[in-house]
Amino acid sequence: MAIRQIRLEGDPILGRPCREIKEVTPRIRELAQDMLDTMYQAGGVGLAGPQVGVLRRIAVIDVGEGPYVFINPKIVETSGEQVGDEGCLSVPGKAGRVRRPMHVKTQAFDINMKPFIVEGDELFARAMCHEFDHLDGHLYIEKVEGSLHDVEMEEDE
């Protein structure tokens with residue numbers, strides 16, 4: 001598959017809401033695989049359609065529990081609270097403190113348009129909230145408490 005260009009803060013596409021996916025076509029399958037490849041190559045834990053220039057409701061996440069492809073995701077339940085540093089592949093080299101739920105329950109469709117429900121805590125909950133915000137045209141920097149700060153990018157050894 002292909003590594004796609006990640007859109008950066010200031011690109012107008014990042015501020016636009018996405019359209020629902022009605023069916024999984026070969027192009028959507030290719031997009032999902034390209035998004036996973038792009039996310040892994042960039043060292044991220046999540047990536048949403050607008051970040052690769054596609055205004056469709058699709059996101060991929062892998063926080064170490066294996067990759068998830070979310071089509072038309074909806075958060076149906078949240079609980080608890082966590083505050084921590086958050087970064088984004090579309091805002092490279094920066095991070096900021098963001099308040100998110102500690103636990104998130106999401107319903108979505110997988111790459112075969114089979115419905116599923118997944119629950120996650122801590123980083124997985126944060127990642128779901130972060131990526132699904134992208135689908136509504138929002139970046140995490142809108143929620144930062146305080147100011148952004150520089151972060152060092154880790155180099156592969």
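Guide: Buried means under 20% relative accessible area, exposed over 50%, and partly exposed in between, with a 1.4 Å probe and protein chains only. Helices (H or I, at least four residues) and strands (E, at least two) are DSSP runs, numbered from the N terminus. The model is predicted: local features need pLDDT of at least 70, side-chain atom pairs count only at pLDDT 80 or more, and totals for chains, interfaces and linings use all residues. Residues are numbered from 1 along each chain as its sequence is written, and side-chain values use heavy atoms, with hydrogens and water left out.

Visitor: How many residues of helix 2 are buried?
Guide: Helix 2 covers residues 122–135. The buried ones include Phe124, Met128 and Leu135. Helix 2 is mostly covered, and the buried count is 12 of its 14 residues.

Visitor: Which strands stand at the edges of the sheet?
Guide: Three strands form an open antiparallel sheet in the order 4-5-8, where pairing takes at least two DSSP bridges. Each edge strand has a single partner strand, so one side of each is left without a neighbour in the sheet; these are strand 4 (82–88) and strand 8 (145–150).

Visitor: Which residue just after helix 2 takes a positive phi?
Guide: Helix 2 reaches 21 Å from its first C-alpha to its last. Just after helix 2, a phi of about 85° is taken by Gly137.

Key: Contact = heavy atoms within 4.5 Å. Axes fitted to C-alpha atoms, helices over the stretch in contact; angles between N-to-C directions. Expected span 1.5 Å × (residues − 1).
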